[in-house]
Amino acid sequence: MSNKTVLITGGMGGIGTDMCRYLHKQGYKVATTYVHDSGREKRWKDTQEQEGYPGIEVFHCDVVNWDACEKLGKAVAEKFGPVECLVNMAGITRDAVFTKMTPQQWQEVIDTNLTSVFNVTKQFIGPMIENGYGRIVNISSVNAAKGQFGQTNYSAAKSGMHGFTKSLAQEVVRKGVTVNTVSPGYISTELVMKIREDVREKIRSSIPVQRFGEASEIARTVAFLIDENAGYITGAEFAVNGGLHMH
């Protein structure tokens, strides 16, 4: 059991909720972020408490905004102390074929999925280095490796995340900090299950293991990488996609 603090950006979705819960069960002090003040964050937190996951903290932060990320860093440190583990998962899609993609669709995805990794990581990397310990995991996508029709922006951003991983890993490994990437394939979240059934079945049949992944499988992979016993693994990409893309 761990008593370390883990911050998961954008952790209120299907994969993120499972990750928050799983790491909470492992003894981590868990924090996550939201961006829109809609009341959903309170309902989400209340649900976690009612279902046996008390103490998961939720912080408002627009990860695209540098000043907001600085405030996040201070707020989390004030609540928990040093953050030993960081999972960069905040992301969006703005799909369009390239000939019809607008500059706004391009920039929104690059900023939210890639620039945010810089903004957030900068707030926590210093204390990790000073303390001689840290774990960073960047959540990319199978589409970063194989590409995807209509997702030049998303695939570019997610590919950039692993380039960030490999470079930062080399800079901080001697300070006790590891940096890795997890690239999920199709996971049976609410979003995927809303895909039209015939299209969904076509996707499922293209996956060698013949099923969609479970959010818990991503959570367990992240838990493995942020464990203190995973110190010999850094700069690596873990493809969790059922064999959809092998490289």
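# Reading a predicted fold: a dialogue

Guide: Helix α2 (residues 40–50) lies across β2 (29–34) and β3, and runs at about 170° to β3; axes here are lines fitted to C-alpha atoms, for helices over the stretch in contact, with angles from 0 to 180 degrees between N-to-C directions. Helices (H or I, at least four residues) and strands (E, at least two) are DSSP runs, numbered from the N terminus. The model is predicted, so local features need pLDDT of at least 70 and side-chain atom pairs count only at pLDDT 80 or more, while totals for chains, interfaces and linings use all residues. Residues are numbered from 1 along each chain as its sequence is written, and side-chain values use heavy atoms, with hydrogens and water left out.

Visitor: In what order do the seven strands form the open sheet, and in which sense do they pair?

Guide: Strands of a sheet pair through backbone hydrogen bonds, either parallel or antiparallel. Here the order is β3-β2-β1-β4-β5-β6-β7 with parallel pairing, where two strands count as paired if DSSP finds at least two bridges between them. The edge strands, each pairing on one side only, are β3 (57–60) and β7. Neighbouring strands of this sheet are turned by 20° against each other on average, direction ignored. Within the sheet, β1 and β4 are joined by three parallel bridges, and β4 and β5 by four. Val-87 in β4 stands opposite Ile-8, and its bridge partner in β5 is Val-137.

Visitor: Which residues of β5 are buried on one side, and which on the other?

Guide: In a regular strand the side chains alternate between the two faces of the sheet. In β5, Gly-134, Ile-136 and Asn-138 are buried on one side, and Arg-135, Val-137 and Ile-139 on the other, buried meaning under 20% relative accessible area, exposed over 50%, and partly exposed in between (1.4 Å probe, protein chains only).

Visitor: Which residues of α9 are buried, and against what do they pack?

Guide: An α-helix has 3.6 residues a turn, so residues three or four places apart point the same way. Helix α9 (residues 215–226) has twelve residues and reaches 17 Å from its first C-alpha to its last, close to the 16 Å expected, a span defined as 1.5 Å times one less than the number of residues. Its buried residues include Ala-215, Ile-218, Val-222 and Ile-226. The buried residues of α9 pack against elements including β1 (5–8), α1 (14–25), β6 (177–184) and β7 (237–240).

Visitor: Is Gln-48 buried or exposed, and what is it in contact with?

Guide: Gln-48, in helix α2, is buried, with a relative accessible area of 3%. Leaving aside neighbours within four places in sequence, Gln-48 is in contact (heavy atoms within 4.5 Å) with Thr-17, Arg-21, Tyr-53, Pro-54 and Ile-56.

Visitor: What is the phi of Gln-210, and where is Gln-210 found?

Guide: Most residues other than glycine have a negative phi. Gln-210, however, has a positive phi near 65°, and is found in the loop between α8 (197–206) and α9.

Visitor: How many residues line the largest pocket, and which lie nearest its centre?

Guide: Rolling a probe the size of a water molecule over the atoms shows where empty space is left. On a 1 Å grid over the protein atoms alone, a pocket is an open set of points where a 1.4 Å probe fits, with protein on both sides within 12 Å along at least five of seven lines, and lining residues have an atom within 4 Å of a point. The largest pocket is lined by 48 residues, with Gly-13, Gly-91, Ile-92, Thr-93 and Leu-191 nearest its centre.
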